[in-house]
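Visitor: I am new to this structure. Please take one part of it and describe that part closely, then go on to some individual residues.

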Amino acid sequence: MTSENIIKSNCAVIILAAGRSARLGRPKQLLPYQGKSLLVHAVDIAKDSEAGPVIGVLGAGASELEKLIDEKNLHIVENKEWQEGIASSIRCGLNTLKRVALLSDAVILMVCDQPHIDTTVINELIDTQKKTGKPIVASRYGNTTGTPVLFFKSLFAELLELEGDKGAKKLIDKYPAELATISFPLGEIDIDTEEDYQALK
């Protein structure tokens, strides 16, 4: 793998929204925040960014969630294997990307439970990749790096090999020399429990 490749044309976005929010006890995708659900917020941010196309991966409660975003002009796909874990949604999203935008140079993986995500973060991931040529650009918050994260197409094959509940963090950790980061301190805030949501409100 080289780190010479630079985005020349387009960078897609895959929104990973297939989980059943077991710790929360209700679908986090539907939680209202600043006048819209977290899922709609994530879709709007992706659509308003420099990236595209946008793919939404749904799973648990897919039919209800699809009603929220079916007029948003994005590609919606249902991950029938969502119970396996997040890796199945990454694979599902990438396989969809290969069908709808085969020539994409890169993809940004994002989730819908980081309420403070905005277009600036998405655009900065793309700009940083162009400037550095690194095949991975991750968001930095707290003591870690994570989503949203950009992967150049040279890593698509390895993303498709992920299994179980091992997400993109596995590749971030595997290739530290191929990694650039952006600062997204509010990325540390995500919604996993009712306490998280009440603190957000």
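Guide: The crossing of helix 1 and helix 2 is right-handed. A crossing has this hand if the near helix is turned clockwise from the far one by less than a right angle, and is left-handed if the turn is anticlockwise. Helices (H or I, at least four residues) and strands (E, at least two) are DSSP runs, numbered from the N terminus. The model is predicted, so local features need pLDDT of at least 70 and side-chain atom pairs count only at pLDDT 80 or more, while totals for chains, interfaces and linings use all residues. Residues are numbered from 1 along each chain as its sequence is written, and side-chain values use heavy atoms, with hydrogens and water left out.

The angle between helix 1 and helix 2 is about 45°, and their axes are 10 Å apart. The axes are lines fitted to C-alpha atoms, for helices over the stretch in contact, and angles run from 0 to 180 degrees between N-to-C directions. Helix 1 and helix 2 are therefore oblique to each other. Angles under 35 degrees would count as roughly parallel, over 145 as roughly antiparallel and 65 to 115 as roughly perpendicular, and the rest are oblique.

Where the two helices meet, helix 1 supplies L39, V40 and V43, and helix 2 supplies L65, L68 and I69. Contact here means heavy atoms within 4.5 Å. The residues of this contact divide into six nonpolar, no polar and no charged. In that count Ala, Val, Leu, Ile, Met, Phe, Trp, Tyr, Cys and Pro are nonpolar, Asp, Glu, Lys and Arg are charged, and the others, Gly among them, are polar.

Now helix 2 by itself. Within residues 62-69, A62, L65 and I69 are buried. Seen down the helix axis, the buried residues of helix 2 fall within an arc of 70°, so they line one face. The arc is taken from the directions from the helix axis to the C-beta atoms. An α-helix has 3.6 residues a turn, so residues three or four places apart point the same way. S63 and K67 are exposed, on the face of helix 2 turned away from its buried side. Buried means under 20% relative accessible area, exposed over 50%, and partly exposed in between (1.4 Å probe, protein chains only). The cover over the buried residues of helix 2 includes strand 1 (11-17), helix 1 (38-48), strand 4 (54-58) and strand 5 (75-78).

Helix 1 is largely enclosed by the rest of the structure, because nine of its eleven residues are buried. Those residues are L38, L39, V40, H41, A42, V43, D44, I45 and A46.

Next come some features of the backbone. Most residues other than glycine have a negative phi, and most peptide bonds are trans. The loop between helix 1 and strand 4 holds P53, and the peptide bond joining G52 and P53 is cis, with omega about 0°. A cis bond also runs from T147 to P148, with omega near -10°; P148 is in strand 8 (residues 144-152).

Q34 is not a glycine, yet its phi is positive, about 50°. Q34 belongs to the loop between strand 2 (32-33) and strand 3 (36-37), and counts as exposed at 66% relative accessibility. In the loop between helix 2 and strand 5 lies N73, a residue other than glycine with a positive phi near 60°. N73 is exposed, with a relative accessible area of 66%.

N123, in helix 4 (residues 119-132), is buried at 16% relative accessibility. Leaving aside neighbours within four places in sequence, N123 is in contact with S49 and E50. R91 is in helix 3 and is buried, with a relative accessible area of 15%. R91 and L160 are 69 residues apart in sequence, but their C-alpha atoms are 5.0 Å apart in space. Not counting residues up to four places away in sequence, R91 touches E81, E84, L159, L160, L162 and E163.
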